[in-house]
Amino acid sequence: MFEEWVDMYSPDIERFAFQYGCSLVEAAEVAEETFHTIYTNLEKLADGKRYIYKTALEKLGQVEQTNPRLASPIPFKEDAEFHSEIIKLDEKYRVPLVLHLFHEFSFEEINEVMAIPLDEVVANIQAARELLREAIGYPPQDVFKKRVEFLWMSYDRLPLLFNVVNVSRGNILQSLMKARS
């Protein structure tokens, strides 16, 4: 069962880490460390997708991201700029927005993953949408929705670097932090 969860969710967790603001390499390392932690706590896997994302969010809190805005791997300029605006958002807006728009989480699921009140989830997503619309020149809602769809397709085209062999090694993030020191 664990292998099925890795196959099913490692690409999503890697993309989530990139959408959070990690470089592609860091995103893969966050995904690997997430699944290492889950492997050592398999009894909690019964909580499924929400537990996987909650673990990833904890791992993201341990990483100092490089500046992915310097060289975006997103090939389309408009999508790269939109992604850049998303990762500029404060975490309290960025995380629920990304989970809702790009990972199809309900407000209730975001509430569980982030452990914040449901009304705060809704308010933060609405505020994030408005901040993004402002950043890209207040496009009409249908244009904003298309921009989201195109960015989603760009995210799906990203090269994935996740290596399941690294899951068994553990402490990937600690070695990454030491390498930067």
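Buried means under 20% relative accessible area, exposed means over 50%, and partly exposed lies in between (1.4 Å probe, protein chains only). These views show a predicted model, in which local features need pLDDT of at least 70 and side-chain atom pairs count only at pLDDT 80 or more, while totals for chains, interfaces and linings use all residues. Residues are numbered from 1 along each chain as its sequence is written, and side-chain values use heavy atoms, with hydrogens and water left out.

**View A. Glu104 has a positive phi in the loop between α5 and α6.**
The phi of Glu104 is near 55°. Glu104 is a residue other than glycine.

**View B. Tyr138 has a positive phi in the loop between α7 and α8.**
Here phi is near 50°, and Tyr138 is another residue that is not glycine. The loop holding Tyr138 runs between α7 (118-135) and α8 (141-157). Tyr138 has a relative accessible area of 46%, so this residue is partly exposed.

**View C. Arg15 and Asp156 form a salt bridge.**
A salt bridge puts a side-chain nitrogen of Lys or Arg within 4 Å of a carboxyl oxygen of Asp or Glu. The Arg15 and Asp156 side chains meet at 3.6 Å, N to O. Arg15 lies in helix α1 (residues 2-20) and Asp156 in helix α8, so the pair ties together parts 141 residues apart in sequence. Arg15 counts as buried because its relative accessibility is 14%. Asp156 counts as partly exposed, at 42%. A search of the whole structure finds 10 salt bridges.

**View D. Arg50 pairs with Glu109 in a salt bridge.**
The N to O distance between these side chains is 3.6 Å. Arg50 belongs to helix α3 (residues 49-60) and Glu109 to helix α6, so this bridge ties together parts that are 59 residues apart in sequence. Arg50 is partly exposed, at 31% relative accessibility. Glu109 has a relative accessible area of 17%, so Glu109 is buried.

Lys77 is exposed, at 64% relative accessibility. Glu81 is partly exposed, at 41%. Elsewhere, salt bridges that share partners join Lys49, Arg50, Glu109 and Glu112 into one network.

**View F. Helices α2 and α3 cross at roughly 120°.**
Helix α2 covers residues 24-40. Its axis and that of α3 come within 9 Å. Axes are lines fitted to C-alpha atoms over the stretch in contact, and angles run from 0 to 180 degrees between N-to-C directions. The two helices are therefore oblique to each other: angles under 35 degrees count as roughly parallel, over 145 as roughly antiparallel, 65 to 115 as roughly perpendicular, and the rest as oblique. From α2, Val30, Glu33, Thr34, Phe35, Thr37 and Ile38 take part in the contact (heavy atoms within 4.5 Å). From α3, the partners are Tyr51, Ile52, Thr55, Ala56, Lys59 and Leu60.

Notes: Helices (H or I, at least four residues) and strands (E, at least two) are DSSP runs, numbered from the N terminus.
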